[in-house]
Amino acid sequence: MIDDFAKDYLHGQLKVTREALIWKLDGLSEYDIRRPLTATGTNLLGLVKHLATWEARYLGEIFDRPFPEPLPRWQDADGSDLWATQDETREQIINFYRRAWNHADATITELPIDAPGHVPWWPRPDVKLFNMMVHVLQDTTRHAGHADILREQLDGRTGVMAEYEERIDTAARAAHRAKVEQAAQAAGGSTVRTRGD
């Protein structure tokens, strides 16, 4: 009984988090979803491509359920799954992610939570479906958090779903940011500077 509850709960959370990540691309230009927004080149579409690749692997390949499309060999991981080439479209990558999660969903549905798997690149390679569901959910949630910050940097939009998104109140945000800045400077031993300083 608890196994079914745990499996359904983890699966439900994974489904919600996947959709939240895809939503972060909504309404952005091709340039904005691809452009490097951190020193390491992290970008929104690259996060989707990365999660699609690894979900197909972690909730497919390691349970002897290979994804029906070619994936790069894990031995050859070179970071190319973290960004989109100019020839890869938004639709191609989002559809790849949806196919990967459909494949993963079938694995989750068809196998018991204690089904054995093997991750050859892990120090302790023998795992259960439960381990991999937790791992994929954690990784997806982590990257959805990255996407939250990247999206906020681009246009100020925040939230986890369109239906819960609140209108941006720029004055309230500016006042809050100023309060946070003032506290940071006070803790750091300096005073708040005005724009004219």
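Leaving aside neighbours within four places in sequence, with which residues is Asp139 in contact?

Figure 1. Once neighbours within four places in sequence are set aside, Asp139 is in contact with His50 and Leu51; contact means heavy atoms within 4.5 Å. Asp139 sits in helix α5, residues 129-155. Helices (H or I, at least four residues) and strands (E, at least two) are DSSP runs, numbered from the N terminus. Asp139 is buried but has no salt bridge. Arg142 carries the nearest side chain of opposite charge, 4.0 Å away. Buried stands for under 20% relative accessible area, exposed for over 50%, and partly exposed for what lies in between (1.4 Å probe, protein chains only). A salt bridge is a side-chain nitrogen of Lys or Arg within 4 Å of a carboxyl oxygen of Asp or Glu.

**Figure 2. Nonpolar surface patch with Ile2, Phe5 and Tyr9.** Together these residues have about 370 Å² of accessible area, computed by the Shrake-Rupley method with a 1.4 Å probe, where for residues only the protein chains shown count as cover. Ile2 belongs to helix α1, residues 2-23. Ile2 counts as exposed because its relative accessibility is 60%. Patch members have over 30% relative accessible area and no salt bridge; like charges are joined within 9 Å, and nonpolar side chains (Val, Leu, Ile, Met, Phe, Trp, Tyr) within 5 Å.

**Figure 3. Patch of negative charge on the surface, formed by Asp3, Asp4, Asp8 and Asp114.** Asp3 is part of helix α1. With a relative accessibility of 43%, Asp3 counts as partly exposed. Lys and Arg count as positive, Asp and Glu as negative, while His and the chain ends are not counted. Each charge is placed at NZ of Lys, CZ of Arg, CG of Asp or CD of Glu.

Figure 4. From the N terminus on, its elements follow the order α-α-α-α-β-β-α-α. The C-alpha trace spans about 65 × 45 × 35 Å along its principal axes. Of the 197 residues, 37% count as buried. The accessible surface is about 12000 Å², and carbon and sulfur atoms account for 54% of it. The mean positions of the 24 positive and 31 negative charges lie 4 Å apart.

**Notes.** In this predicted model, local features need pLDDT of at least 70 and side-chain atom pairs count only at pLDDT 80 or more, whereas totals for chains, interfaces and linings use all residues. Residues are numbered from 1 along each chain as its sequence is written, and side-chain values use heavy atoms, with hydrogens and water left out.
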